[in-house]
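Visitor: I would like to learn how to read the features of a model. Please take them one at a time.

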Amino acid sequence: MKELLLLAIFFLSKNIVFAQPPAMGGNGKMQASPAIGHIYGKIIDSTGKGISDVSVLLLQNRFDTASQKRKDVLVKGVTTKANGEFSFEDLPVFGAFKLKISATGYKATEQTTSFQMQPPPASGQPGGMTAGSFDKDLGNIKLIEEVKQLQSVTVTASKPTLRMDIDKKVYNVEKDIVNAGGTALDIMKNVPSVNVDLDGNVTLRNSTPQIYIEGRPTTLSLDQIPADAIESVEVITNPSAKYDASGGGAGILNIILKKNRKTGYNGNVRAGVDKYGAVNGGGDFNVRQGKFNISASAFVNQNKGRTNGTTDRTNFGDTVTTIHQQNQDKNKGAFIFGRLGLDYFMTNRTSFSLAGIRVHGEMKPEQFLTSTTDSLFNTGTVSSYSERTTNTGREFNAYGVQFGMKHLFPKEGETLTADMNYFSGKNDNNSLYITNYFSNGAGSTIDAVGQQKTIGDGNNKFLTLQTDYVNPISSKTKLEAGLRIQNQQLANINDNYYFNDSANAFIYSEAASTNYKNSNNIYAGYVSVTSSIKNFGYQLGLRAESSAYSGDLISTKEHFSNSYPISLFPSIFLSQKFDDKQELQLSYTRRINRPNFFQLIPFTDYSDSLNITRGNPDLVPEFTNSLEFSYLKTLHGNNTILGSVYYKYTTNLITRYLDTALNELTGKQDIINTYINANSSYTIGAELTVVYTLTKWWDFTANVNLYNSKINTDNISGTSQDALWSWFGKLNNNFKLPSKFKLQLTATYQSKTNLPVNNNNNNMGGPPGMQSQSSSQGYIRPFYSVDAAISKSFLKNDAATVSLSFSDIFRSRKSDQHSESVFFIQDYNRLRDPQMLRLNFTYRFGKMDISLFKRKNMNTSGMDASQGMQQ
């Protein structure tokens, strides 16, 4: 009776009452076993380290009434914690249990256990039961590694070239063999909706977008990012409240760099050369072991590009002057790009990432410029001829640090992320201009020589802090909120010297030199709610932003500052899904474009006598309201059609403008580059994008954008460009040929179009030695281009690939622009690197380690990393 007494005391202490002791029925079925047992333990490897994510199943042999037989029934199942521990509670205390333990990369094991107690024997002999028998510690259970050699199996899941969501397009660079060995600028030439001019200026629907890396601002320019480091480009034409309101209505191009978190190790090496002898090379390496993932990338790109062009200009005034210029540019230089990343999976729900970026470049461009000037006086025409040689040296160094944290809450879909991005760029430059003035045209004697020298340096720093929280309130409703702080600091010194024949030395010119620094701060927060009612979905968002800037002209000790109060930026996205995989969406957003320091400072830059610039302190921010209506249809075989119509209206548009003002150095009237607030502008258009697989060996992506734009400058004296209907088209074909050959053909066409609206960059440069064009006073003539590339894969598992690309086959990618006002008429055209050939080789290697485990991890672009883990 001792056992029954102890059992009764335990049950009374737990407030558990049952009518009689457990007994076995006549059919062998256990009856009324109290669920108060606790079994626990820890799974370790051969080194004694706990193993996480191990499957532990607890089974018990019971009678199955359906089959009238006894069989093992699952009682409970768990996976071990990060330290290898597991625990089962509320278990029946009678009967034996079987544990089945399994983990990828280890031999499965089984063991039996029980609470070492049976119902009291009929004889009443003591059974040895104690109250502590209801807790069972299995101790450390060691698993033995199972090593299997895989038989060289390569699993390939090819990602589509273009993935279209209704709010953005994601262009996968992996299939783009035309751009192998190039830079991000080359990639942008093939991205739907995006156009790249000869100077590397990128436009999205004929407006300049914001360029991000991993969703954050960067000091790097597109020609400083190697194409081989890029995984994809996200094209966001109408950003929601979640994104920065800055940048006006042009949208966002977000560059996603390659990140590889596959288990084991893998990587690739590559090398190439172009027709000028410029080489490129680099490689990636990734290794993942346990809780750590380490990735490294390094690339080098040489640039030996060539540009030729002409400029024709007529200036009006007291004296009519015509100028004809011809330029030949040669670039010599290279840059090195490196990235090192570390991911730490602390627990199943919390991940950290740290990455560093380093870029170093040295460029030594040369330019030869001839100028013929005819001045019409009452007494006749006076002609002059000059030749200018420019030798420039530029060196830049950029550093970037990215840190991120992602935490997954127990509730499915609830996440908290925090990240810090810091980019710093420093540049040094020097130029020597030597101008020979001839007495009677080319080849005649030199009458005079003018020399100018510039020496400068500068730095640019970006710091972004951001946190985002996502809470799925219900299965259909999601709440998102976030905070963001952004700081930018700029500094620049540019000293100009002119050679004085009398002193036989270069003399410093304070009027032609600049020395400034400035700081910009933006503070933002947003909240959005996403939900659906049957097939109708909606997202309502609101963003609040305020900003402040301050700047100093060091040489004149002038200080400028301004602060913009909090502005609200709503966004509304409505969608309706229909049968046959169809969807409609209507979106509205409001965005802002604030004038930057360079556009505001009332300082006249005379460093280039033919390109004088001045800021406008009276500029105010521009606001853009955007409407977009889209239709998305998914056809058989995941073929996709996306059609959109859009309308954008901007008040107080900030645009470049050419005016006349007194040149304090010469005392004469000169044309000055400046900025103005135009009354307004609008753009209306329709865009169609199609991704279609015609056969197993041919797929294509087509994009056509038809638009009409107008800038209203009635508030400013001068000439406004009339409204103009234009269209832009791009066709990208991919062919799979026999013997593992691939062929890619890309064609682009741009009709006559207005010059892009203000690009908001740090300078107002234009044609060599001539004033910059103004978007309110000019247009671009039509042009087209055709590119082609072919590749061949070989070796075991297609580990090696060689590709040959041929860009601008017909020498037709020209920049041909026209601008005019009451002061001048100007035309210029240039051609850069036509019929460019590039030969590239890539070799991939790697080994999968099946003893490692998949985890949810962090991707700075906001996607689960599993979306980017296909090869």
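This is a predicted model: local features need pLDDT of at least 70, side-chain atom pairs count only at pLDDT 80 or more; totals for chains, interfaces and linings use all residues.

Visitor: Which residue takes a positive phi in the hairpin of strand 16 and strand 17?

Guide: Gly290 does, with phi near 60 degrees, and the hairpin has two residues between its strands. Helices (H or I, at least four residues) and strands (E, at least two) are DSSP runs, numbered from the N terminus. Residues are numbered from 1 along each chain as its sequence is written, and side-chain values use heavy atoms, with hydrogens and water left out.

Visitor: How many bridges join strand 16 and strand 17?

Guide: Two strands pair if DSSP finds at least two bridges between them. Strand 16 (residues 279–289) and strand 17 (residues 292–303) have ten, in the antiparallel sense. Within this pairing, Gly281 faces Val300 of strand 17.

Visitor: What is the order of the open sheet of four strands?

Guide: Strands of a sheet pair through backbone hydrogen bonds, either parallel or antiparallel. Here the order is 3-2-5-6, and the pairing is antiparallel. Strand 3 (69–79) and strand 6 (109–113) are at the edges with a single partner strand each, so one side of each has no neighbour in the sheet. Strand 2 (residues 55–64) pairs with strand 3 over ten antiparallel bridges, and Leu59 stands opposite Leu74 in strand 3.

Visitor: How many helices and strands are in the chain?

Guide: The chain has three helices and 45 strands. Of its 871 residues, 50% are buried, where buried means under 20% relative accessible area, exposed over 50% and partly exposed in between (1.4 Å probe, protein chains only). A contact means heavy atoms within 4.5 Å. Among contacts between residues at least 6 apart in sequence, 68% join residues at least 24 apart.

Visitor: How many aromatic pairs does a search of the whole structure find?

Guide: There are 18. Rings of Phe, Tyr and Trp (its six-membered ring) pair if their centres lie within 6.5 Å; planes under 30 degrees apart count as stacked, over 60 as edge-to-face and the rest as tilted. Phe569 and Phe623 form a stacked pair, with centres 6.5 Å apart and 20 degrees between the planes. Phe569 is in strand 29 (residues 558–578) and Phe623 in strand 33 (residues 622–634), so the pair ties together parts 54 residues apart in sequence. Phe569 is buried, at 2% relative accessibility. Elsewhere, Trp697, Trp698 and Phe735 make up one aromatic cluster.

Visitor: Where is Ile554, and which residues does it touch?

Guide: Ile554 is in the loop between strand 28 (536–553) and strand 29. With 36% relative accessibility, Ile554 counts as partly exposed. Leaving out residues up to four places away in sequence, Ile554 touches Asn515, Tyr516 and Lys517. Asn515 is 39 residues from Ile554 in sequence, with 5.5 Å between their C-alpha atoms.

Visitor: Which elements have the lowest and the highest mean pLDDT?

Guide: Helix 1 (residues 2–13) has the lowest, 43, and strand 24 (residues 415–438) the highest, 94. Over residues 118–132 pLDDT is below 50, and this stretch has 14 contacts in the model beyond near neighbours in sequence. Residues 148–157 also stay under 50, with nine contacts beyond four places in sequence. For the chain, the mean pLDDT is 81, and 82% of residues reach 70 or more.

Notes: pLDDT is the predictor's confidence in each residue, from 0 to 100.
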